[in-house]
Amino acid sequence: MKEQLIKITEAFFDAIDIQEITTIQSGLINNTYKISTDKGDFIVQQLNQNVFKNSSALLNNKIKICHFLESKQFPTITYLRSRKGLFYVKEGADIWQLSCFIPSTVKDRIDSTEVAAKAGEHLAQFHEALLDFPLDELEYTIPDFHNTCKRYTDFLENVAKANADRLVLAKDEIKKLQLFYPKIKKIATAIQEGIIPLRVVHNDTKISNMLFEDFGSIICLIDFDTLMPGSILHDVGDAMRSGANTATEEEKELEKVNFDHIIYEAFMKAYLDIAKGFLTKEELENIHLSLPLLLFEQSCRFLGDFLINDPYYSTQYELQNLVRTKTQLKLLEQVSAYFKL
């Protein structure tokens, strides 16, 4: 791996000495490494082209948004140009990007109301900063990424073609999703029909994609691979899907997985203190459905992947996507009770 990373980084620098390589484990999709060199520390990331088939759209979106945020002096990722003037390099069939390493802390969940408030504030500021970015300049890196209606249809198709043994293991979770869909169908349809407006959104705002300073403030959001037009409800729901969980989505002991409504309320208050100035009436009226919407959608995705032998999400053991599904459904049950859905 070091030889390959040397070759990649030399496409950005005339000469560079890699002193240390650290694999970054937080992502489920791309291969990511931190490299320490004589020219500083950098993040090197390999684009997963099995997931992101339209690589040109992805690169277009990331670079345009980063430059737009920089023009507004809003903190963001800094991608480096290669010696050929491009913001990526190709190594064989693989596409790699190099960005400046940002010293920070990564969290899997929010551990205090103070941090929750800072996360909510930062996400609202991120959305506000992008209000005047022209949507027509963005492409869809993954069509129907947060189309919950289609995600549910895809899930049912995976049930129909499921591995027989896994179908038996997941029978209770399949039933729970089928029973819950009518509760979320109306808001999911409203997003697809444009009743809830399209905006520039991150689409993957789990807390591990927010970089924190040691004392709890947010430095910036990272992982812009899914940045494209979408609904603000998706970003709010995904942030709380991880942030308001007392455990992580990888927790095998379900008694440790609970909805922290105090964290949720602190995040939402901070978010809405800013966002109420630019949200539409329809967004404000339905913002409380953000979290159940994303918990349901992510349950469909994890379980659908499990049923057909895990082609999408990286796994380290056989039942991992089923474990992830169970954590989402445990939260969904508690969130549904909290909002009386």
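Two strands are said to pair if DSSP finds at least two bridges between them. Strands here are DSSP runs of E with at least two residues, helices are runs of H or I with at least four, and both are numbered from the N terminus. The structure is a predicted model, in which local features need pLDDT of at least 70 and side-chain atom pairs count only at pLDDT 80 or more, while totals for chains, interfaces and linings use all residues. Residues are numbered from 1 along each chain as its sequence is written, and side-chain values use heavy atoms, with hydrogens and water left out.

Strand 5 (residues 94-100) can be followed bridge by bridge. Three bridges join strand 5 to strand 4, and the two run antiparallel; here Lys-90 has Ile-95 of strand 5 as its bridge partner. These two strands form a hairpin with two residues between them, and in the turn Gly-92 has a positive phi of about 65°. Strand 5 also pairs with strand 3, again in the antiparallel sense, over five bridges, and the partner of Ile-43 in strand 5 is Ser-99. Five of the seven residues of strand 5 are buried, so this strand is largely enclosed by the rest of the structure. Buried means under 20% relative accessible area, exposed means over 50%, and partly exposed lies in between (1.4 Å probe, protein chains only).

Helix 2 deserves a look of its own. From its first C-alpha to its last, its 17 residues reach 24 Å, close to the 24 Å expected at 1.5 Å a residue; the expected span is 1.5 Å times one less than the number of residues. Twelve of the 17 residues are buried, so helix 2 is largely enclosed by the rest of the structure. Among these buried residues are Leu-58, Leu-59, Ile-63 and Phe-68. The buried residues of helix 2 pack against strand 3, strand 5, helix 3, strand 7 (199-201) and strand 10. Just after the helix, Gln-73 takes a positive phi of about 60°.

Strand 8 (residues 210-212) and strand 9 pair over three bridges, with Cys-220 of strand 9 as the bridge partner of Leu-211. In the hairpin of strand 8 and strand 9, five residues lie between the strands, and Gly-216 takes a positive phi near 105°.

Asp-223 lies in the loop between strand 9 (218-221) and strand 10 (228-230), and is partly exposed, with a relative accessible area of 23%. Not counting residues up to four places away in sequence, Asp-223 touches Ile-77, His-202, Asp-204 and Asn-209. Asp-223 and Asn-209 are 14 residues apart in sequence and 6.4 Å apart in space, C-alpha to C-alpha.

Helix 3 has a helical partner too. The axes of helix 3 and helix 8 (residues 261-275) come within 7 Å and cross at roughly 35°. By class, their contact has 13 nonpolar, four polar and two charged residues; Ala, Val, Leu, Ile, Met, Phe, Trp, Tyr, Cys and Pro count as nonpolar, Asp, Glu, Lys and Arg as charged, and the others, Gly among them, as polar.

Technical notes. Contact = heavy atoms within 4.5 Å. Axes fitted to C-alpha atoms, helices over the stretch in contact; angles between N-to-C directions.
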